[in-house]
Amino acid sequence: MSPQIHLVDRAPIPAQGPLVAHGLSVVYDGKPALWNVDFAAPAGALVGVIGPNGAGKSSFIKAALGLVPWASGWATLLGEAPSKSRARVGYVPQRASVDWDFPASALDVVAMGLYRKLGWLRPVNRRSKDQARASLERVGMADFADRPIGQLSGGQQQRVFLARALAQDADLYLMDEPFAGVDAASEQVLISALRDLQADGKTVLVVHHDLQTAPDYFDHALILATRAVASGPMADVFTAETLQEAYGGRLAPSQLAALAV
Amino acid sequence: MLDALLLSSGYNAAVAMIGATLLGIAAGPVGVFMLLRRRALLADAASHATLPGIVLAFLVNLWLTGEGRSLPVLLVGAGAAAALGVLAVQALQANSRLSGPTAIAVVLSGAFGLGVMGLSYVQTLPVAGQAGLDQFLVGQTAGMRLADAYLIAGVAAVLVIVIALLFKELRLIAFDPEFAAAAGWPVQRLDLLANGLLLATVVVGLTSVGLVLIVAMLIIPAVTARLWTQKLGRMALLAAAFGGVSAYLGAAASAGIHHLPTGATIVLAAAALFAVSLPIAPLSRPKRAPTALEPPV
């Protein structure tokens, strides 16, 4: 069955910045997935959310959006409670969270990023189709607009998901593992799209699992291991100490040497 | 049989066939969204849960008016019981270890057992009209009156209009409910509405297809349509066409050959369309796994 979506609705909390979390905890079945996380994303930053499997990276993104209930603490997006502002936030869920055998073309999926702007009951019109096509163009997928999504490769599907978020034309983007299982060409397209977003003054948070590429891709990092191990500019926080702490000492010296930290 | 196909085998048969056809047209697109939201089997729990509701509505109506059988009253009882069935499935899924299909199986069989017990009790009562209650099991359009057909037509029209208006919203929550919630759509309320469409189809379908087989009218035309197209809009239209054609052919066969139960003939017609589509439709072959992860680079 599909996951239950819990919508969190709290009074707005005054907080500046594109994304602020304070004492944020998420608990599933009595076990903490995220514990007492404080974090403020600097405006215009490209933030890597880094940590081992089960570190609460996805939970952090979903809690920030108010899609999972907060056990404690709070988060604000664009200075408002998530329930108020999430419609203005671009979101890229994990690719594996949907059924790619769904009867839809790449253009159909990207157009979903424009539904909110269209509003209730209004059908997808020519103008939104043109906008969706422009978003596909930005991820190098214009030629695949009418292709059924089930016929796309993993990397192409991920680009479609990014194009849908781009179509939302948001100020803040939250992306859950956009680089998971994509080919090299798609990875290059995705990272240059992220840099374009940053150049346009947008703030982007990206859940990322690959330590090798993280320092190249992101200028800020939030290192999670259920709690926040470290956060700040990449050069300050991406160190042997913080990584060993996050990964519980499981990184071999040779791995750390390869990361040049 | 030919007379029946041409709606000329009598006024009552023609009314029944039109009612069944409209139901088939509405059930197709409802089934498409249920199938894509992976909720198609929920219809089976809802439909089997109608039986105790029908029996209870009959008894209450008998006690109040001295006359048990009244289609609107029975359908209200059926609808309330079906809604309880859906709530029971969802409560079991949320609060117990049961998975979705298991929760559906428990509610479906439990409610149906209760209904069969009630039905056999009602049949011992020395009152008129109770003999017809078991027609809801496998459907019987033969006794359908013009007022009943109007009721079915009205509900079918509302279902089709709601789906046409909320097409993009229903598509969004069927494909990616998480993204929909993040974009600010009220996913739970839209799901509630989708369940409402399902319940309305089940309740109205009791009259022609019957509660045991109504799930087939939601699923078979939808999966047949999926074999022919990769576009959701076309899939919904095709499902409406397949549903309408099967209901029309099935009801005609039932009217023409007197002892055939309508529900069975309708579902067989739908299954025949599926069987014909399978070898010739473009999307029948199993897909290579396009969502498999590419090798890491």
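A crossing of two helices is called left-handed if the near helix is turned anticlockwise from the far one by less than a right angle, and right-handed if clockwise. Keep that in mind for the helix pairs in the views below. This is a predicted model, in which local features need pLDDT of at least 70, side-chain atom pairs count only at pLDDT 80 or more, and totals for chains, interfaces and linings use all residues. Residues are numbered from 1 along each chain as its sequence is written, while chains are lettered from A and ligands numbered from 1 in the order in which they are written.

**View 1. Helix 12 and helix 13 of chain B cross in the right-handed sense.** Helices (H or I, at least four residues) and strands (E, at least two) are DSSP runs, numbered from the N terminus. The axes of helix 12 of chain B and helix 13 (residues 262–280) of chain B are 7 Å apart, and the packing angle is about 135°. Axes here are lines fitted to C-alpha atoms, for helices over the stretch in contact, and angles run from 0 to 180 degrees between N-to-C directions. Angles under 35 degrees count as roughly parallel, over 145 as roughly antiparallel, 65 to 115 as roughly perpendicular and the rest as oblique. Helix 12 and helix 13 of chain B are therefore oblique to each other. Among the residues making the contact are B:Phe242, B:Val245 and B:Leu249 of helix 12 of chain B, and B:Ile266, B:Leu268 and B:Leu273 of helix 13 of chain B. By type, the residues of this contact are eleven nonpolar, five polar and no charged; Ala, Val, Leu, Ile, Met, Phe, Trp, Tyr, Cys and Pro count as nonpolar, Asp, Glu, Lys and Arg as charged, and the others, Gly among them, as polar.

**View 2. Helix 2 and helix 7 of chain B pass each other in a left-handed crossing.** The axes of helix 2 (residues 11–36) of chain B and helix 7 (residues 146–165) of chain B come within 9 Å and cross at roughly 20°. That makes the two helices roughly parallel. Look for B:Val15, B:Ile18 and B:Leu22, which are among the residues of helix 2 of chain B that meet helix 7 of chain B, where the partners include B:Ile152, B:Leu159 and B:Ile163.

**View 3. Helix 10 of chain B packs against helix 11 (residues 214–228) of chain B.** Their axes are 8 Å apart, at an angle of about 120°, which makes helix 10 of chain B oblique to helix 11 of chain B. B:Thr201, B:Val202, B:Gly205 and B:Leu206 of helix 10 of chain B make the contact with B:Ile214, B:Met217 and B:Leu218 of helix 11 of chain B.

**View 4. Chain B touches chain A.** Here 33 residues of chain B are in contact with 33 residues of chain A; two residues are in contact if their C-beta atoms, placed from the backbone, lie within 7 Å. On the chain B side, helix 9 gives the most, with five residues. The residues of that side divide into 18 nonpolar, seven polar and eight charged.

**View 5. Chain A holds an open sheet of six strands in the order 5-6-7-3-8-9.** The pairing is mixed, and two strands pair if DSSP finds at least two bridges between them. Strand 5 (89–92) and strand 9 (227–233) of chain A are the edges, each pairing on one side only. Strand 3 (residues 46–50) and strand 8 (residues 220–225) of chain A run parallel, joined by four bridges, and A:Ile50 has A:Ile223 as its bridge partner. Strand 8 and strand 9 of chain A pair in the antiparallel sense over six bridges. In their hairpin, which has one residue between the strands, A:Thr226 takes a positive phi near 65°. Helix 7 (residues 184–199) of chain A packs on the sheet, touching strand 3, strand 6 and strand 7 (203–208) of chain A.

**View 6. A second sheet to find in chain A is open and has three strands, in the order 2-1-4.** Its pairing is antiparallel, with strand 2 (31–41) and strand 4 (72–77) of chain A at the edges. The twist averages 25° from one strand to the next. Five bridges join strand 1 (residues 19–28) of chain A to strand 4 of chain A, where A:His22 is partnered by A:Trp74.
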